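Please look over the structure below with its aromatic residues, one of its helices and its surface charge in mind. The report takes these topics in turn.

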Amino acid sequence: MTRLRTFLSFILLLAVCLLSHAQRTNQAYWTYIDTYKNLAIEQMQKYRIPASITLAQGLLESGAGRSTLVTEANNHFGIKVGGSWTGPYVLRDDDAPNERFRKYRNARESFEDHSKFLQGRRYQGLFQLKITDYKGWAYGLKAAGYATNPAYAETLIRLIEMYNLMQFDDAKLRRENNQAMPLPEDGFFATHTVLHNNKNYFIIVEIGDNMAEISKATGVSLKKLYKYNDLPRDYAPTQGDIIYLQQKQKHASKEYKHYPIHIVEHNQSMFDIAQLYGIRLKDLYKLNKIDTSYRPSVGDILRIR
């Protein structure tokens, strides 16, 4: 009996680890959201498809823009050749070998074609739902046969809630967020977007950014920017870095309460992990009862709550 309990405990831990590994907050995901959110909102306004659904499907189908379908064919949604498609295509193994997937000239064509694809008869019932009903859309897409994965709807919902994608579905909510962090829409913010993670606002660094410019544009003092992000004064930001505009939290957000761990990836530091989850670096050490001499190795398991 003791051996059985030990085995079941191991299986439970393994399941939790795998779930965390597959769904934890990922910097590549934030970059994808920042890059394509305006396209998703544009499609929502044109076709009444929730921006959160478009972004979640793009994240899932494209591996946050890193799949070969995106890099070689600009196909963000895994749409196959069919129907009236007469354009170019690429071959990929999927449900069967050498299936034909649509090829686009750019991301905008892919997003537009995705919206038009959902205008098909099988998806018409979805347009009776409120545009803020992302759960209804997720389950409706699965029921209509968009994907064969039995957990497709739940995965979309988890992505939307984990990355707060529903903020892009409700214009009123977006205005409220802007009031909470009032920022202009020109100059610096023509190329930078304020995103939200773990009760905090942040931006993603672009090429050529420096801390002084970020401080001036956001109205957050240079001293506080360094403090909020656990950064030394000689830090030089690089493209893709996350810069928080408020004090980080003591632990990861409540979305992680059922899988409160992180599995260390290649070349990840404690600082990297703290930034991903919006946790103060000193509190990440405290959560794991380790001192600052610790250097994480690939596969290490760290608590984030």
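## Burial and the aromatic pairs

A residue counts as buried when its relative accessible area is under 20%, and the structure to which this cut-off is applied here is a predicted model. At 0% relative accessibility, Tyr163 therefore counts as buried, and Trp30, with a relative accessible area of 0%, is buried too.

A search of the whole structure finds 14 aromatic pairs. In one of them the ring centres of Trp30 and Tyr163 lie 5.1 Å apart with their planes at 75 degrees, so the pair is edge-to-face. Because Trp30 sits in helix H2 (residues 27–47) and Tyr163 in the loop between H7 and helix H8 (171–180), this pair ties together parts that are 133 residues apart in sequence. Ring pairs also join Trp30 and Tyr163 with Tyr29, Phe202 and Tyr244 in a cluster.

## Helix H7

Of the 11 residues of helix H7 (residues 152–162), 8 are buried, so the helix is largely enclosed by the rest of the structure. The buried residues include Tyr152, Leu156, Ile160 and Met162. Just after H7, Asn164 takes a positive phi of about 55 degrees.

## A positive patch on the surface

On the surface, Lys223, Lys224, Lys227, Arg233, Lys250, Lys282 and Lys286 gather in a patch of positive charge. Helix H10 (222–228) and helix H12 (281–287) are the elements that give two or more residues to this patch, and the largest share, 3 residues, comes from H10. Lys224 lies in helix H10 and is partly exposed, with a relative accessible area of 44%.

Notes. Residues are numbered from 1 along each chain as its sequence is written. This is a predicted model: local features need pLDDT of at least 70, side-chain atom pairs count only at pLDDT 80 or more; totals for chains, interfaces and linings use all residues. Side-chain values use heavy atoms; hydrogens and water are left out. Patches are made of residues with over 30% relative accessible area and no salt bridge: like charges are joined within 9 Å, nonpolar side chains (Val, Leu, Ile, Met, Phe, Trp, Tyr) within 5 Å. Accessible areas come from the Shrake-Rupley method with a 1.4 Å probe; for residues, only the protein chains shown count as cover. A salt bridge is a side-chain nitrogen of Lys or Arg within 4 Å of a carboxyl oxygen of Asp or Glu. Lys and Arg count as positive and Asp and Glu as negative; His and the chain ends are not counted. The place of a charge is taken as NZ of Lys, CZ of Arg, CG of Asp or CD of Glu. Helices (H or I, at least four residues) and strands (E, at least two) are DSSP runs, numbered from the N terminus. Buried means under 20% relative accessible area, exposed over 50%, partly exposed in between (1.4 Å probe, protein chains only). Rings of Phe, Tyr and Trp (its six-membered ring) pair if their centres lie within 6.5 Å; planes under 30 degrees apart count as stacked, over 60 as edge-to-face and the rest as tilted.
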